[in-house]
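Visitor: Please show me the model. I would like to go through its helices and salt bridges.

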Amino acid sequence: MTAIGATLVHTGLKLIAANGFEATSVDEITTAAGVAKGTFYNYFKTKEDLALAGVAQAQAEMVTRVEALIAAHPATRDRLQRLFDEIVTWVVANPEPAWIWGLEQLRRGRSDAYGASGVSQALIRIIEAGQAAGDVRTDRPSMLLSLELEGLFLAYLAAWKHRGRGRPFDLAEMMRLAVDDLLDGIGAGPLPRETR
């Protein structure tokens, strides 16, 4: 991305974080970035595309941290939980672009442009390593298992967004439970007596 495109993304995300996605206009973004309004459309078709470019940039930066997490934590459960902790930390700091990303994932599906990010690829690698270590079931492909976790994340992201960040809904805890479900199985054993 050129310097102007990067400036538009940085400025746009800053304004979106301060004012909200709907309240931020392309005019405000271009004025704050010091470029003509037409310049915006040389780089992005829509404001959503600008937000998605910001998400892609954040995911690229996150990959380095994720790779370090993978190297530092050999246990599959730790790797998966730390990966989602990293993602949730970014989501909480960037709720508007994260929500747009979530909507685009549902609308367009996982694709090279909007979903098959380095973070998604890291998730697949963690699952494959877990399969090789005997920690993750091998009767289903790693891609399908990663899509299941990403699908749960999207559902939990929607619940978090709609309940409001002020009401109790711990996105990180919900993803820890999702990882536990993947590794331990849903209904793998009888319920403890006190919960029946």
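Visitor: Which helices do the buried residues of H5 pack against?
Guide: This is a predicted model, so local features need pLDDT of at least 70 and side-chain atom pairs 80 or more, while totals for chains, interfaces and linings use all residues. Residues are numbered from 1 along each chain as its sequence is written, and side-chain values use heavy atoms, without hydrogens and water. Packing here rests on contact, meaning heavy atoms within 4.5 Å. The partners of the buried H5 residues are H4, H6 (95–108), H7 (118–133), H8 (142–163) and H9 (171–184).

Visitor: Which residues of H5 are buried?
Guide: Buried means under 20% relative accessible area, exposed means over 50%, and partly exposed lies in between (1.4 Å probe, protein chains only). Helices are DSSP runs of H or I with at least four residues, numbered from the N terminus. The buried residues of H5 are Thr76, Arg79, Leu80, Gln81, Leu83, Phe84, Glu86, Ile87, Val88, Trp90 and Val91.

Visitor: How far does H5 reach from its first C-alpha to its last?
Guide: H5 covers residues 76–93, which is 18 residues. The expected span is 1.5 Å times one less than the number of residues. That gives an expected 26 Å, and the model is close to it, at 26 Å.

Visitor: Are H1 and H4 roughly parallel or roughly perpendicular to each other?
Guide: Axes are lines fitted to C-alpha atoms over the stretch in contact, with angles from 0 to 180 degrees between N-to-C directions. The axes of H1 (residues 3–19) and H4 (residues 47–72) come within 9 Å and cross at roughly 105°. Angles under 35 degrees count as roughly parallel, over 145 as roughly antiparallel, 65 to 115 as roughly perpendicular, and the rest as oblique. H1 and H4 are therefore roughly perpendicular.

Visitor: Which residues in H4 does H1 meet?
Guide: On the H1 side, the residues are Leu8, Val9, Gly12, Leu13 and Ile16. Those of H4 are Leu50, Ala51, Ala53, Gly54 and Gln57.

Visitor: How many salt bridges does the count come to?
Guide: A salt bridge needs a side-chain nitrogen of Lys or Arg within 4 Å of a carboxyl oxygen of Asp or Glu. By this rule the count is 10.

Visitor: How many residues apart in sequence are the parts that aspartate 180 and arginine 77 tie together?
Guide: Aspartate 180 and arginine 77 form a salt bridge, with the closest N and O atoms 2.7 Å apart. Aspartate 180 lies in H9 and arginine 77 in H5, so the pair ties together parts whose separation in sequence is 103 residues.

Visitor: Which residues are linked with Arg77 in a network of salt bridges?
Guide: Arginine 77 is partly exposed at 27% relative accessible area. Aspartate 180 is partly exposed too, at 23%. The network links Arg77 with Asp180 and Asp184.

Visitor: What separates arginine 176 and glutamate 173 in helix H9?
Guide: Their side chains meet in a salt bridge, 3.0 Å from N to O. Arginine 176 and glutamate 173 are three residues apart in H9, so their separation is about one helical turn.

Visitor: With which residues is lysine 161 in contact, leaving aside its neighbours within four places in sequence?
Guide: Lysine 161 lies in H8. At 23% relative accessibility, lysine 161 counts as partly exposed. Beyond those neighbours, its contacts are Glu96 and Trp99.

Note on methods. Helices (H or I, at least four residues) and strands (E, at least two) are DSSP runs, numbered from the N terminus.
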